[in-house]
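Hello,

Here is the structure I promised to pass on. Please open it first, then read my notes below.

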Amino acid sequence: MIYADKSTGVIVQGATGNQGSFHIGRMNQYAESVGGCGVVAGVTPGKGGQESGGVPVYNSVREAVDAHDATASVMFVPGVAAGDSIMEAADAGLELVIAITEHIPVHDVMKACAYAQMRDCTVIGPNCPGLLCPGEISMGIMPSHLYTRGPVGVISRSGTLTYEVVHELSRAGIGQSSVVGIGGDPVIGQTFADVLDRFSEDPQTKAVVLLGELGGNLEEEGARMADLPVVVFIAGTTAPPEKRMGHAGAIVSGGEGDAKSKIQRLKSLGIPVASRLSEIPGLIKEMV
Amino acid sequence: MKLLEYEAKEILKESGIPVPKGILIRAGDDARTGAAQIGELVVVKAQVDVGGRGKAGGIQMADSATVQEVADRLFGSRIKEVPVHAVLVEERIAIEHEYYLSISIDRSSGSPLILFTSSGGVEIEEVARTNPTAIRRAVVHSLLTDVPGYTLRYLLNGAPKELGPVINKLYQVFRSRDGLLAEINPLVTTPSGVYAADAKIIIDDNALPRQGISENRDLTDRERKAEEFGFSFVELDGSIGVIGNGAGLTMATVDLITVLGGRPANFLDVGGGADRVRVAHAVRLLGSMPGVSVIIVNLLGGITRCDEVAAGIIEAGVSQQVIVRLAGTNEEEGRTMLNKYGYRMLDTMEEAVAAAVEVAR
């Protein structure tokens with residue numbers, strides 16, 4: 001497993017909303033089924049003293065970590081407040097923040113990720129489904145019943161695409177070591193390359209599936225450096241071209257970023273690219 | 001959301017970046033009186049959001065005698081299919097040299113990226129292709145409120161020092177206005193100083209409310225309607241309607257239809273936590289598209305609850321065949337409900353897409 005395990009104490013920021021309370025319950029169901037620590041506390045400013053999903057709620061991350069043994073956070077705080085919450089978690093000494101929230105202004109993400117990095121706090125997301133290490137821990141919103149324990153790591157920019165591939169892998173009898181949703185936003189904390197680094201130090205992981213999308217070139221940056229065998233899938237080959245962003249987009253990317261040229265460049269690096277999702281289990285089976 | 005040139009220039013002016021003296025003229029306004037405040041020789045610039053505007057005839061020279069006629073001609077025309085509702089009448093400036101300056105977001109480092117070159121102007125993308133080293137690039141740490149002096153010196157690479165403050169001011173505009181892009185092309189030197197001769201600003205859609213913008217102009221009516229329901233929607237030209245949850249899975253579904261020889265009619269991501277009302281709206285929207293002969297609903301529940309989805313499909317009750325693939329939270333409840341109403345439910349995405357392609361044939 002990578003980033004977290006059974007012994008990781010988790011707090012949930014944005015604990016009292018519908019999503020927060022619903023997913024505290026589900027994460028703790030999972031923790032109970034594997035004998036893990038799970039979510040120990042929630043944080044919602046102004047709601048201190050309440051309970052949500054069966055755990056006590058505090059006004060600040062600082063208060064929550066003073067009262068409980070926690071090193072990581074899962075965050076459901078809504079968009080414009082989310083950047084602030086990432087920094088709050090980093091300041092309170094948490095080592096890992098998983099930001100589920102979507103629609104965070106990108107300038108807030110840039111600042112929060114830069115700040116967290118200076119505080120040695122790892123950020124996964126935003127706009128991601130979280131992390132699930134089968135048999136160890138669920139941090140986020142992934143449907144855990146699709147997952148089975150095994151040797152394959154999965155890194156993905158898209159939530160539901162992740163579930164689809166995990167489902168296919170499990171049906172083919174291939175279990176997963178850790179599944180990490182890194183998020184679909186233009187700026188994210190952990191990238192493909194960062195997660196691949198973690199996987200390369202994880203004895204359980206023998207091969208990795210990279211699920212990418214059109215836009216940017218983080219897939220190539222990751223796959224190029226990977227120590228482990230990887231299989232890549234890129235969604236969006238039939239998508240209409242991304243909206244052009246002035247001249248800067250064309251100058252920066254030089255036409256990079258659309259799914260087809262991305263696939264071509266990966267193939268030219270000798271990296272196996274699945275042209276449909278159902279090919280992934282067959283390709284990965286040869287590697288593990 | 002993209003700002004038009006005159007809006008971007010207002011912002012630059014407020015931040016202390018000089019722009020040519022100008023006045024916005026709308027159709028029906030008296031251009032001559034307006035232009036009289038600007039000067040004898042003017043430039044008339046169509047306020048439309050299209051690339052290559054000048055080459056397409058959207059920028060015209062005029063003087064006080066011809067300005068009305070030139071403006072009226074632009075109002076009656078379309079620049080690359082876009083109708084002209086307003087023109088910016090500006091003083092003509094004596095350009096000595098054209099520079100290019102932009103600030104955007106570098107995905108790799110997650111930081112603002114500044115591009116600067118002394119070879120600015122209309123051929124900038126050609127410069128990028130043929131002489132990329134002429135363009136200086138610098139990433140600025142996201143927590144810095146000013147561009148450091150050494151970065152300015154690197155970017156300018158011998159260009160006039162007076163351009164340094166412009167770079168720094170544009171950086172502050174980019175930060176304070178939640179920019180995805182802030183671009184000045186060309187940034188010009190003249191005998192009377194430095195000017196932003198053209199400007200482009202794109203604001204992050206996720207930050208529009210705090211920027212005081214209540215409506216995103218970039219959306220079409222149908223897209224706006226889709227956004228109200230909480231999903232993202234792109235129309236394509238095929239016959240197979242597609243509803244998915246999550247951009248990645250929805251894109252992969254559209255891709256697979258193409259791989260298996262079908263033609264997708266659209267991309268519709270109902271979003272996370274889609275409830276029955278949103279799903280019903282989505283199915284009805286596709287059902288109302290004339291070219292759609294079959295609809296595939298491919299949903300994997302994370303936040304999304306399958307029983308809610310099933311209820312939405314049943315509620316919509318469209319005439320086209322609906323092929324459903326559901327997996328995830330409350331899956332069995334969803335399956336039972338759909339079976340009761342005779343909907344075709346398949347186990348895998350590939351089976352469901354293949355079935356839809358078959359029906360569309």
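**Contacts between chains and domains**

In this predicted model, 52 residues of chain A are in contact with 53 residues of chain B. Several elements of chain A build its side of that interface. Helices H3 (79-91), H4, H5 (159-171), H7 (218-225) and H8 (246-253) of chain A each give two or more residues, and so does strand E12 (207-213) of chain A. H4(A) has the largest share, with seven residues.

What is the class make-up of the side of chain A that touches chain B? That side has 27 nonpolar, 18 polar and seven charged residues.

Now to the inside of chain A. The chain is divided into domain 1 (10-124) and domain 2 (143-285). Taken over C-alpha atoms, the centres of these two domains of chain A are 26 Å apart. Eight residues of domain 1 of chain A are in contact with eight residues of domain 2 of chain A.

Which elements supply the side of domain 1 of chain A that touches domain 2 of chain A? Helix H4 (106-118) and strand E7 (122-124) of chain A each supply at least two residues there. H4(A) gives the most, with four residues. By class, this side of domain 1 of chain A has seven nonpolar residues, one polar residue and no charged residues.

One element to look at is H4(A). It gives the largest share of the side of chain A that touches chain B. H4(A) also gives the most to the side of domain 1 of chain A that touches domain 2 of chain A.

Best wishes

Methods: Residues are numbered from 1 along each chain as its sequence is written. Chains are lettered from A and ligands numbered from 1 in the order in which they are written. This is a predicted model: local features need pLDDT of at least 70, side-chain atom pairs count only at pLDDT 80 or more; totals for chains, interfaces and linings use all residues. Domain bounds come from an automatic or database domain assignment. Two residues are in contact if their C-beta atoms, placed from the backbone, lie within 7 Å. Ala, Val, Leu, Ile, Met, Phe, Trp, Tyr, Cys and Pro count as nonpolar, Asp, Glu, Lys and Arg as charged, and the others, Gly among them, as polar.
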